[in-house]
Amino acid sequence: VCASRCQKFLISRVGEDWIFLILLGLLMALVSWVMDYAIAFCQEAQKWMYGGLDSNMLLQYIAWVTYPVVLITFSAGFTQILAPQAVGSGIPEMKTILRGVVLKEYLTFKTFVAKVIGLTCALGSGMPLGKEGPFVHVASLCAALLSKFMAAVFGGIYMNELRNTEMLSAACAVGVGCCFAAPIGGVLFSIEVTSTFFAVRNYWRGFFAATFSAFIFRVLAVWNQEEETITALFKTRFRLDFPFDLQELPAFAILGIACGFGGALFVYLNRLIVECMRKQKTINKFLLRKRLVYPALVTLLVSTLTFPPGFGQFMAGQLTQHESLVALFDNRTWCRQGVAEEFDYISHHHAWKHPQVNVFITLILFIIMKFWMSAVATTMPVPCGAFMPVFLIGAAFGRLVGEIMATMFPDGIHADGSVYPIVPGGYAVVGAAALSGAVTHTVSTAVIVFELTGQISHILPVMIAVILANAVAQALQPSLYDSIIRIKKLPYLPELGMGHHEKYNIRVEDIMVRDVRYITLNSSYRDLQEMLLTGQLKTLALVESRDSMILLGSIERLQLQSLLALQLGRQRRLEYLRQLAQDNGTHDHLPSMTSDSTPSSPCAHTHINASTSGRLHDSIRGETYTNFFFKCTKWSFPSHSLEVFSVSSPFSSQIAEWEEQQLDEPVDFKNCKIDPAPFQLVEQTSLHKTHTIFSLLGLDHAYVTSMGRLVGVVSLKEVRFLHLLMSDRECFLPMIIKLHPLSPYSLSVPHVMLPLAVLSFLFHAAYWLCSCVRPSRAR
C-alpha cells in the first residue's frame, strides 16, 4: 500500500514524461561515455602494439593490419548472428518507423546488444566510420525498451502507442545530443533527418532529454579527469574581435558550393558500390555465403594504405578521427608563402608534416583517400555511420582552402589600416559543416559545429556555406539516408525535392487505379469468398450498390474472413446437422455444443490468414468446406464428431447443399466493424497535396471520390513510383502519365519506363541538334 501511494504521488507530482526523459537521458549518457571509453582503449591498444614493435617493420605491419581486421570481423559476425537488423546506420529505419511502419526486430533487446557491441568494435578498429547515425538507433532502442519496462512496472500511459512514438522522436534527439554534447543541434538534426512533419508538442521533450543527456555525458568526462570542466569536444580559440574579413565571404561561398558537389558525389559513390555488388550475381552469391570476407578485405585494404611507415605517412595515417579534427580546427597557419612552418611537436600537427611533401599534398591525399575509403567502409555489414567521416573530410577540405588563402595572402587582408591574418581553422569549421550538411541534406550541422567548437564567431560564413551546399546537393542527389532507403526498398515516402513544378500540374485522377475492388450492401457470401480468394488487399471499400457507387466506408480483410467463417462455422453447421439427425433418428451420435465453443461475434473467430487462403481455395473445388474449417478454427472437436463432418458421412450431400445455400445469402454486416470515414481525395487533388497528406498522416492508401461516388484508389506505391519518375526531371512527364487510359500503375514498370526512355532519347537528341544549329546561324 505504501509503495503504491508513493508511486501515485511521484507520478502525479513529477509526471510520466519527466521521469521517462530523465531516465532516458541518464541511460544514454552512460552508454555513450562507456562506448567512448572502450573505443579510446581499443585505439590506444593498437598504437601500443604498433609502438612496441618499432624494431621490426614487418611485425609492425602485421600488428597494424591484423588488429582492425579482427575487430571488424568480430563486429560483422557478432551482429549477423545475434541481430542482422543492427547493421548500418539505423536512421533510415527510424525514419520509416516514425512514419508508422512496423519493422520487426528493429527495437528489441537483441538488436540493442548487437548494435552497442558491434559499433564499439567497429569504431575501435580505427576504420573511417561514424558514431552519430547508429547512436540515434541506440537511443531509440533504449526508449523502446525503457517504455516496455515502465509499462510493466507502472502501466497506464506507458502502454499507449502514440506516446511511444513521441518518445522515439525525443530519443532520436538524445542520440545526437549525447554523441556530440550538442543538445540544440541534436534536436534540430534529428527533426531534419527523421521527420517529414514534426509535432511541436514533442519539442520540449527532445530539448529536455538531449540537454540532460549531454550534461551528464560531459560531467562523466570531468569525473574521469578527462577534462577540467565542462567544455566543447573540439574547443577552438579563434579571435572574436575580427574572426574573418568581408572579402573572405566569396571564398566561403565557393567552399560551400564545392562541398555541395562533393556531398552529392559521396552519396552517388556509396550507392554505386552497393548496386554494383548486388548486380554482379556471382559476387553477390559469394558474399552472401561468406559474409565476413568483404568486411575483412575492405579493412585489410584500408589498414594497409594507412600504415604509417608506408603510404600512411603522406596522409597522417597514424591519427584517429578525433586527433585529426583537433589538428584541423587549430587556428595556427601550417604553411606560409609555400613553406611549411615548424609545428608544435607536442600536439598532433607533426603527422601532417613530411620532409619530402608539403602540407598541400598531404591534405589533398588525405581528402582523396579518406573520401573513397569512407564511401567503401560504410557499405560493410557492421553497425556504422557516415556523418563523422564526412565531417572529417569536410574539415580537411576547408583546411586546404584556408591554407591556400593564407598562401595567397601571407600578410593577411588589409582593412581599415589594420592587418588581419587568415585563420585556416575557420575554413575547416565551415568545410566540415558544409560537406556534412550536403550529404545529409540538413542545415542543423551549422548549429552542431558551433556546439562542438564552443564558438559562433564564424556563424555567417558557416550558414552561407551550408545553405549553398544544400542547394547544390539537393539538386543532384538524394540525401544519404534517402539513398539507403531506396537501396533497402523501405516503405518510406521521400520528399519531392526542389524544382519539381510538375507536382502542381499532376492530379490524382492521372495516377489513381480505377479498377477498385469493392463490396456492396447487397453482396452475398459467395461474392465475399471470391473477393478474398482473388485479391490480397488488407482493406476493401464498401459501397451502396454497383449502380450508385456511393462510398459508405471500408472493411478490413480480417473482418470479412471472420464473417465468412461465422456463416459456415461450427455452430451453424451443428444446428443444421442436429435438425437432420432429428429427422433421421441419429441424434445421439452428434457432438454436444458447449458454451466455450459458441462465438459471440466475428472477432471471436479464428482469422483466416494468407497461408489458409490456399486451403480455402482447395476446399472450394471439393464438395464441402468441412475439412477447411477443421483446419482453420481453434475449437476442439470430439473424435466422434469427425465422423459426422467427414465427406464419407451420410450427411455429406446435405452439407454440400446447405453450404451452397449459405453462400448465396446476403452478407449481414451488423456484427462487422466498418470504418465509416476512410480517407478520401477528390479527383482534382494535386500530387503535391497528395504527397503532403500521405507524409503527414502516414497513409497507406486513399480512396478517390467524385460527389461521394467511388471512382478510384491511390496508394503509397503509386505515389512512390511517380516520385521516382519525377526524379528524372523530364518536362513531358504529365504527357507520359496520361498515355494510359486507366492508370500507368495498373501496368508494370517496364510499360511506363519504355515510352519514358524513348521520349527521353528523342528529347535529348532534339536538344543536341538545336544546340548544334544555333552556332551555325550565328556565324
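Trainee: Is tyrosine 61 buried, partly exposed or exposed?
Mentor: Keep in mind that this is a predicted model. To judge a residue, look at its relative accessible area: under 20% is buried and over 50% is exposed. Tyrosine 61 has 28%, so this residue is partly exposed.

Trainee: How does the whole protein chain look by that test? What share of its residues is buried?
Mentor: The protein chain has 779 residues, and 53% of them are buried. Its secondary structure comes to 31 helices and 10 strands.

Trainee: What share of the contacts joins residues 24 or more positions apart?
Mentor: Take the contacts in the protein chain with a separation of 6 or more. Residues 24 or more positions apart account for 76% of these.

Trainee: Where do tyrosine 61 and phenylalanine 307 lie?
Mentor: Tyrosine 61 is in helix H3 (residues 57–82). Phenylalanine 307 is in the loop between helix H12 (293–305) and helix H13 (321–328). The pair therefore ties together parts that are 246 residues apart in sequence. Phenylalanine 307 counts as buried, at 6% relative accessibility.

Trainee: How are the rings of phenylalanine 266 and phenylalanine 371 arranged?
Mentor: This aromatic pair is edge-to-face, with 5.6 Å centre to centre and 85° between the planes. Phenylalanine 266 lies in helix H10 (residues 249–279) and phenylalanine 371 in helix H14 (residues 359–377), so parts 105 residues apart in sequence are tied together. Phenylalanine 266 is buried at 1% relative accessibility. Phenylalanine 371 is buried at 14%.

Trainee: Which residues do ring pairs link into a cluster?
Mentor: Phe180, Phe189, Phe329, Phe387 and Phe391.

Trainee: Now helices. At what angle do the axes of H5 and H6 cross?
Mentor: Start with the axes and their N-to-C directions. The axes of helix H5 (residues 109–124) and helix H6 (residues 132–153) cross at roughly 150° and come within 10 Å. An angle over 145 degrees counts as roughly antiparallel, so H5 and H6 are roughly antiparallel to each other. Their crossing is left-handed.

Trainee: Which residues make the contact?
Mentor: H5 brings Phe109, Thr111, Phe112, Lys115, Val116 and Leu119. H6 brings Pro134, Phe135, His137, Val138, Leu141, Cys142 and Leu145. They divide into 10 nonpolar, 2 polar and 1 charged.

Trainee: Why do residues three or four places apart in an α-helix point the same way?
Mentor: Because an α-helix has 3.6 residues a turn.

Trainee: How many residues of H13 are buried?
Mentor: H13 is mostly covered, with 6 of its 8 residues buried. They are Gln321, Glu323, Ser324, Leu325, Ala327 and Leu328.

Trainee: What about arginine 205: buried or exposed?
Mentor: Arginine 205 counts as buried, at 9% relative accessibility. Find arginine 205 in helix H9 (residues 203–223). Leaving aside neighbours within four places in sequence, arginine 205 is in contact with Asp17, Leu21, Glu166, Met167 and Ala170. Arginine 205 and glutamate 166 are 39 residues apart along the chain, and their C-alpha atoms are separated by 8.6 Å.

Trainee: Where does methionine 707 lie?
Mentor: In the loop between strand E9 (701–706) and strand E10 (709–715). Phi of methionine 707 is near 55°, a positive value. Methionine 707 is exposed, with a relative accessible area of 80%.

Technical notes
Residues are numbered from 1 along each chain as its sequence is written. This is a predicted model: local features need pLDDT of at least 70, side-chain atom pairs count only at pLDDT 80 or more; totals for chains, interfaces and linings use all residues. Side-chain values use heavy atoms; hydrogens and water are left out. Axes are lines fitted to C-alpha atoms, for helices over the stretch in contact, and angles run from 0 to 180 degrees between N-to-C directions. Helices (H or I, at least four residues) and strands (E, at least two) are DSSP runs, numbered from the N terminus. Angles under 35 degrees count as roughly parallel, over 145 as roughly antiparallel, 65 to 115 as roughly perpendicular and the rest as oblique. A crossing is left-handed if the near helix is turned anticlockwise from the far one by less than a right angle, and right-handed if clockwise. Contact means heavy atoms within 4.5 Å. Ala, Val, Leu, Ile, Met, Phe, Trp, Tyr, Cys and Pro count as nonpolar, Asp, Glu, Lys and Arg as charged, and the others, Gly among them, as polar. Buried means under 20% relative accessible area, exposed over 50%, partly exposed in between (1.4 Å probe, protein chains only). Rings of Phe, Tyr and Trp (its six-membered ring) pair if their centres lie within 6.5 Å; planes under 30 degrees apart count as stacked, over 60 as edge-to-face and the rest as tilted.
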